[in-house]
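This report goes through one protein chain, part by part. Please keep the sequence and the structure in view while reading.

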Amino acid sequence: MMTGLAIWLTVILVVVLVWALFRQGGYKREPLDRPPGPGWVKTDERFVDPNSGETLQVWFHPARGERAYVRARD
């Protein structure tokens, strides 16, 4: 009985720690000046960076599941 409780508490603690480590502030990469390169796909997603006020275009790499943020030129 105590072993089951200890496992659940450990799982909850790990989830909270992972959440705390990765929640600190949205995207962390610096915006790029040009598209990242081959294999990247431009998405329809755009947003205004709250820190710089720049409009950023989101690019996606389907094979790796990565996202990149490129300064919008228009």
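R71 is partly exposed, with a relative accessible area of 21%. The value falls just inside that class because buried means under 20%. The model is a predicted one, and the distances below are computed from it.

The side chain of R71 takes part in a salt bridge with D33, at 2.6 Å from N to O. D33 is in the loop between α1 and β1, whereas R71 is in strand β3 (residues 66-71), so this pair ties together parts that lie 38 residues apart in sequence. A salt bridge also joins the side chains of R71 and E54, with an N to O distance of 2.7 Å. E54 belongs to the loop between β1 and β2 and R71 to strand β3, so here the parts tied together are 17 residues apart in sequence. E54 is partly exposed, its relative accessible area being 26%.

## The salt-bridge network

D33 has a salt bridge to R73 as well, side chain to side chain, at 3.9 Å from N to O. This pair ties together parts 40 residues apart in sequence, because D33 sits in the loop between α1 and β1 and R73 in the segment after β3. The distance of 3.9 Å still counts, because the cut-off for a salt bridge is 4 Å. R73 is exposed, at 62% relative accessibility.

Side chains of opposite charge can pair when their charged atoms come close.

## Overall layout and confidence

The protein chain contains 1 helix and 3 strands, in the order α-β-β-β from the N terminus. The chain has 74 residues, of which 15% count as buried. Among contacts in the chain with a separation of 6 or more, 31% come from residues 24 or more positions apart.

The average pLDDT of the chain is 86, and 89% of the residues score at least 70. Where among the elements are the lowest and the highest mean pLDDT found? The lowest, 85, belongs to helix α1 (residues 2-22), and the highest, 95, to strand β1 (residues 41-48).

## The aromatic pair

The count of aromatic pairs comes to 1. The pair is made by F47 and Y69, whose ring centres are 5.7 Å apart; their planes stand at 80°, so the pair is edge-to-face. Since F47 lies in strand β1 and Y69 in strand β3, the pair ties together parts that are 22 residues apart in sequence.

Are the two partners buried or exposed? F47 is partly exposed, at 23% relative accessibility. Y69 counts as buried, at 11% relative accessibility.

F60 is partly exposed, with a relative accessible area of 30%, whereas H61 is buried, with a relative accessible area of 10%.

Leaving aside residues up to four places away in sequence, F60 touches G39, W40, V41, T43, G65, E66 and R67. One of these, V41, is 19 residues from F60 in sequence, yet the two are 5.2 Å apart in space, C-alpha to C-alpha. With the same exclusion, H61 touches P38, G39, W40 and E66.

## A nonpolar patch

What residues form the nonpolar patch with about 420 Å² of accessible area together? I7, W8, V11 and V15 form this patch on the surface. V15 has its place in helix α1 and is exposed, with a relative accessible area of 52%.

Note on methods:
Residues are numbered from 1 along each chain as its sequence is written. Side-chain values use heavy atoms; hydrogens and water are left out. pLDDT is the predictor's confidence in each residue, from 0 to 100. Helices (H or I, at least four residues) and strands (E, at least two) are DSSP runs, numbered from the N terminus. Buried means under 20% relative accessible area, exposed over 50%, partly exposed in between (1.4 Å probe, protein chains only). Contact means heavy atoms within 4.5 Å. Rings of Phe, Tyr and Trp (its six-membered ring) pair if their centres lie within 6.5 Å; planes under 30 degrees apart count as stacked, over 60 as edge-to-face and the rest as tilted. Patches are made of residues with over 30% relative accessible area and no salt bridge: like charges are joined within 9 Å, nonpolar side chains (Val, Leu, Ile, Met, Phe, Trp, Tyr) within 5 Å. Accessible areas come from the Shrake-Rupley method with a 1.4 Å probe; for residues, only the protein chains shown count as cover.
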